[in-house]
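Work through the exercises below with the model open. Try each task before reading its solution.

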Amino acid sequence: MNIIDSIVNFAMQSGLAKVIETVDWRSMVMVLVSFLLLYLAIVKQFEPLLLLPIAFGMMLANLPGADLIHMEFFSGDQPLSAMMKQIIDKGGILDLLYLGVKLGIYPPLIFLGIGAMTDFGPLISNPKSLFLGAAAQLGVFGTYLAASTIAFGDTFFTAAQAAAIAIIGGADGPTAIYLAKSLAPELLGAIAVAAYSYMALVPFIQPPIMKLLTTKKERSVVMTQLREVSKTEKIIFPIVVTVVVWLAVPSATPLVGMLMLGNLMKESGVVERISKTAQNELMNIITIFLGITVGATTTGENFLTLKTLMIVGMGLVAFSVSTAGGVLFGKIMYFFTGGKVNPLIGSAGVSAVPMAARVSQKVGQQENPSNFLLMHAMGPNVAGVIGSAVAAGYLLSLFNL
């Protein structure tokens with residue numbers, strides 16, 4: 001082979017040649033979308049810990065010829081041994097990492113880290129917050145019913161797909177991924193991107209809804225200081241919650257159980273080393289793996305469809321209705337307590353910890369600068385984490401999973 005042939009052969013194997021050869025506009029659009037998400041993560045700092053690896057995974061999956069992930073290996077009900085053989089023989093690095101999503105490993109480990117970082121004291125101090133966390137799941141179940149019974153044009157979502165889409169309303173990325181990988185793996189990329197996008201947009205989406213549904217008088221309510229929670233209560237709480245959730249919704253145990261294990265490690269004070277590992281090293285590693293593999297599922301062929309646009313739209317509706325459900329139940333508590341509960345804390349019943357609680361604090365202080373709602377809002381906020389996991393478990397149980 002002479003030097004000219006070598007140069008021509010090299011040029012034919014280049015990425016530019018692959019682009020010209022495939023001429024897939026959808027892949028190029030997805031690369032541009034990944035650039036936009038990278039901008040939002042780096043410049044605007046919208047959930048950068050997950051949005052950055054998701055965006056980069058999206059870019060890698062849509063570069064022609066990169067051949068890093070093969071979603072066809074994971075389709076169907078083939079045995080794990082057959083799947084592993086394909087990955088070993090023909091797979092790339094992202095195929096190996098995607099096994100953590102396919103097998104449902106990453107989301108529970110993320111919950112372990114979240115539990116190790118979370119203080120359930122505000123919820124224990126004010127157990128009524130559980131009702132606000134439950135009310136904020138209104139968007140999940142409302143969207144599920146709507147998506148599973150209504151046909152949109154020529155597109156119809158199955159009941160399982162509707163359940164996977166609806167969980168976006170809980171504003172909990174790991175839970176959305178956990179449910180989607182079981183009920184609608186073909187929609188995983190769109191659901192994950194929508195869930196994390198709305199988590200990042202909490203400060204923009206929630207305030208207009210909160211102000212629309214409340215009066216100035218309600219937003220100005222100053223709540224009394226929470227009681228101090230003992231260490232014994234904090235240790236008993238995760239054990240009791242795990243058992244109660246298992247008795248009521250066994251399918252939710254993997255998520256709630258890992259969440260409570262992380263919290264027990266934190267509160268017990270006897271395993272500080274592994275508690276810090278769960279909060280930091282383990283959490284960071286799983287976040288990288290989860291983000292990049294979820295992003296890699298968003299190929300142009302699968303992502304740029306009418307269904308994706310509908311998922312994004314329905315996810316926004318679900319999240320908005322969940323926010324409204326929490327606020328409206330907060331108004332009910334305001335009425336029955338004689339004005340002692342600020343309804344704004346109900347918006348924190350979604351699972352975007354601690355951003356949703358900070359939004360409640362911010363909106364409350366706009367009306368009354370002496371108002372400090374953060375710790376009061378953290379109760380519904382952590383209740384929302386539990387609530388979204390229980391909702392996901394219930395939806396899984398509907399399909400005997």
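**Exercise 1. Are Phe 120 and Phe 237 buried or exposed, and how are their rings arranged?**

Step 1. This is a predicted model. Phe 120 is buried, and Phe 237 is buried too.

Step 2. Count the aromatic pairs: the structure holds five. Phe 120 and Phe 237 form one of them, with 5.4 Å centre to centre and 40 degrees between the planes. Stacked needs under 30 degrees and edge-to-face over 60, so the rest count as tilted. The Phe 120 and Phe 237 pair is tilted.

Step 3. Phe 120 sits in the loop between helix H7 (106-117) and helix H8 (121-125), while Phe 237 belongs to helix H16 (residues 231-248). The two are 117 residues apart, and the pair links distant parts of the chain.

**Exercise 2. Classify the pair Phe 131 and Phe 329.**

Step 1. The ring centres are 6.3 Å apart and the planes meet at 25 degrees, so this pair is stacked.

Step 2. Phe 131 lies in helix H9 (residues 129-135) and Phe 329 in helix H20, so the pair ties together parts 198 residues apart in sequence.

Step 3. Check the cover. Phe 131 counts as exposed because its relative accessibility is 52%. At 27% relative accessibility, Phe 329 counts as partly exposed.

**Exercise 3. Which residues touch the most other members of the largest nonpolar core?**

Step 1. The largest nonpolar core has 115 residues. Phe 120 and Ile 191 touch the most other members.

Step 2. List contacts of Phe 120, leaving out residues up to four places away in sequence. They are Phe 237, Leu 259, Met 260, Asn 263, Val 382 and Ile 386.

**Exercise 4. Find which residues make the nonpolar surface patch of about 460 Å².**

Step 1. The patch is made by Leu 36, Tyr 39, Ile 42, Val 43 and Leu 52.

Step 2. Helix H3 (residues 25-42) gives the most, with three residues.

Step 3. Leu 52 is in helix H4 (residues 48-62). Its relative accessibility is 34%, so Leu 52 counts as partly exposed.

**Exercise 5. Examine the backbone at Ala 171 and at Pro 354.**

Step 1. Recall the background: most residues other than glycine have a negative phi, and most peptide bonds are trans.

Step 2. Phi of Ala 171 is positive, near 55 degrees. Ala 171 lies in the loop between helix H11 (159-166) and helix H12 (173-183). With a relative accessible area of 1%, Ala 171 is buried.

Step 3. Val 353 and Pro 354 are joined by a cis peptide bond, with omega about -10 degrees. Pro 354 is in the loop between helix H20 (306-336) and helix H21 (355-367).

Conventions:
Residues are numbered from 1 along each chain as its sequence is written. This is a predicted model: local features need pLDDT of at least 70, side-chain atom pairs count only at pLDDT 80 or more; totals for chains, interfaces and linings use all residues. Side-chain values use heavy atoms; hydrogens and water are left out. Patches are made of residues with over 30% relative accessible area and no salt bridge: like charges are joined within 9 Å, nonpolar side chains (Val, Leu, Ile, Met, Phe, Trp, Tyr) within 5 Å. Accessible areas come from the Shrake-Rupley method with a 1.4 Å probe; for residues, only the protein chains shown count as cover. A salt bridge is a side-chain nitrogen of Lys or Arg within 4 Å of a carboxyl oxygen of Asp or Glu. Helices (H or I, at least four residues) and strands (E, at least two) are DSSP runs, numbered from the N terminus. Buried means under 20% relative accessible area, exposed over 50%, partly exposed in between (1.4 Å probe, protein chains only). A nonpolar core is a set of buried Ala, Val, Leu, Ile, Met, Phe, Trp, Tyr and Cys residues joined through side-chain atoms within 4.5 Å. Contact means heavy atoms within 4.5 Å. Rings of Phe, Tyr and Trp (its six-membered ring) pair if their centres lie within 6.5 Å; planes under 30 degrees apart count as stacked, over 60 as edge-to-face and the rest as tilted.
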